[in-house]
Amino acid sequence: MGPTDVVAPDERLSWGKTVGLGAQHVVAMFGATFVFPLIMGLNPQLAILMSGIATICFLLIVNGKVPSYLGTSASFVGGVVAIGLQIKASNPKANPAVIAPSVTGAILVAGAVLALVGVAIHFLGSAVVHKVLPPVVTGAVVMLIGFNLAPVVASIYWPQDQWIALIVMVAVIAMSVGLRGFIGRISIFLGLILGYVLSWLFDRGFGQITSYNAAAGKVDTHWRVNWDGVKSAPWFGFPPHTDAATGVVGWHLPSFNIAFILLVLPAVIALIAENTGHVKAVAEMTGHDLDPVMGRAIAADGIGTVIATSIGGSPTTTYAENIGVMAATRVYSTAAYFVAAAVAILFGFSPKFGAMVSATPGGVLGGITVVLYGMIGLLGAKIWKENNVDFGNPLNLVPIAAGIIIGIGNTSLVFTKSFTLSGIALGTIVTIGAYHLARALATPDLRARADGAVIAVGNVAVENTPGGEESAPLYRDEDVAPTEHHKP
């Protein structure tokens with residue numbers, strides 16, 4: 001293989017090199033795949049295990065044409081936090097194990113909806129998505145999902161150890177911009193390791209800390225790093241079963257509540273945009289037309305989420321981190337992803353690994369979440385910018401402004417004592433409904449100027465032609481797409 005050659009999705013290198021590349025993909029997805037389950041109160045060992053299984057299902061559904069890894073999705077974090085707050089409002093003593101079945105049940109339904117959307121796109125084409133969810137709406141929903149989480153950082157994670165949180169935050173920022181290539185892309189993972197080590201050193205140097213303890217739900221004196229569970233956990237075995245009495249979250253059957261389902265459904269909008277962007281990026285890198293399998297890829301992500309959450313796992317999504325690895329190596333072989341999935345499944349059968357991840361200090365998560373939540377929100381602004389959304393147009397400005405404030409401010413609309421819409425769910429409904437109402441009432445000139453000059457998804461922008469057809473790409477992100485296409 002020459003320096004300018006590429007390995008296509010249906011090709012592979014020698015098995016030795018393929019295994020090495022598969023291991024690299026594991027490292028790329030690793031940090032986020034177990035950080036987000038921790039934030040959502042789900043089991044990280046089970047999340048890693050199910051991510052491998054979901055990835056294999058994804059590759060089979062798309063017939064190996066879209067090389068990608070399904071890691072844990074961040075899009076559901078806001079809805080999950082809202083579910084936890086609602087449950088604790090009626091039952092202050094509810095622990096993560098009590099909350100988890102409601103969380104996974106709501107996400108399972110969202111995954112099924114995403115799968116149905118993928119089927120619709122497969123038969124109707126992607127134009128229907130852009131009509132219902134134009135960039136101005138999609139960007140707003142992504143933004144309110146991220147920024148709605150700011151109070152969670154301030155009230156739960158940051159107070160657990162403010163100095164560790166501050167150091168980790170600064171380290172993640174510095175590494176993400178100061179380190180180049182693949183190392184820079186895993187700055188969150190490196191920040192987690194750094195914070196873990198620093199927390200252990202602070203325990204040795206300063207002793208126990210008196211602060212908010214998320215496990216106990218109160219302020220007490222405790223060690224930052226507690227490895228009692230790690231020492232007692234076996235090296236090999238299945239993830240644990242959820243035990244509500246002790247607060248242990250593991251595999252479990254989901255439960256369903258319509259109010260909680262509505263809280264997480266907005267994440268489907270973010271996942272549609274995310275998956276579409278990733279498929280477009282892979283198409284650019286490989287030089288293959290992947291539009292015919294776009295619907296399959298979105299449906300496969302939804303099916304992966306349904307499979308994972310049906311036994312208590314985390315929601316899944318295609319990972320930009322792994323797309324970055326492909327850009328750096330020019331190897332797009334799906335064989336490497338099968339290897340990565342197999343390695344993840346092996347990790348998923350190690351309770352000691354799961355216990356080690358679950359023992360991540362709260363202060364470390366504080367430093368990571370303050371960056372991650374903000375990044376999720378700013379991805380909405382990125383969608384606006386790449387699509388040339390004109391906020392000088394009141395059709396784009398007024399209804400979107402209302403939806404964002406409702407979502408970020410956790411505004412509530414009470415229907416009955418047992419049913420309330422608030423925060424992300426209400427903000428999303430207002431954003432979509434108010435925009436289309438305003439569009440129906442707007443003058444023709446406002447409607448004509450509302451759509452922007454391009455339709456951009458992820459790192460790929462395509463011209464929005466008068467007939468609604470997508471033309472050739474206008475640009476590529478150099479961190480994702482190689483500058484040239486070469487066949488081996």
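The model is predicted: local features need pLDDT of at least 70 and side-chain atom pairs count only at pLDDT 80 or more, whereas totals for chains, interfaces and linings use all residues. Residues are numbered from 1 along each chain as its sequence is written, and side-chain values use heavy atoms, with hydrogens and water left out.

Contact (heavy atoms within 4.5 Å) is made by Ile188, Gly191, Leu192, Gly195, Tyr196 and Ser199 of helix 10 and by Val364, Ile368 and Leu372 of helix 18. Of these contact residues, 6 are nonpolar, 3 are polar and none is charged; Ala, Val, Leu, Ile, Met, Phe, Trp, Tyr, Cys and Pro count as nonpolar, Asp, Glu, Lys and Arg as charged, and the others, Gly among them, as polar.

Positive phi at a residue that is not a glycine is found at Asn63, with a value of about 60 degrees, and at Asn388, with about 55 degrees. Asn63 lies in the loop between helix 2 (44-61) and strand 1 (70-72). Asn63 is exposed, with a relative accessible area of 55% (exposed means over 50%, buried under 20% and partly exposed in between, with a 1.4 Å probe and protein chains only). Asn388 is located in the loop between helix 18 and helix 19 (394-408), and at 43% relative accessibility Asn388 is partly exposed.

How values were computed. Helices (H or I, at least four residues) and strands (E, at least two) are DSSP runs, numbered from the N terminus.
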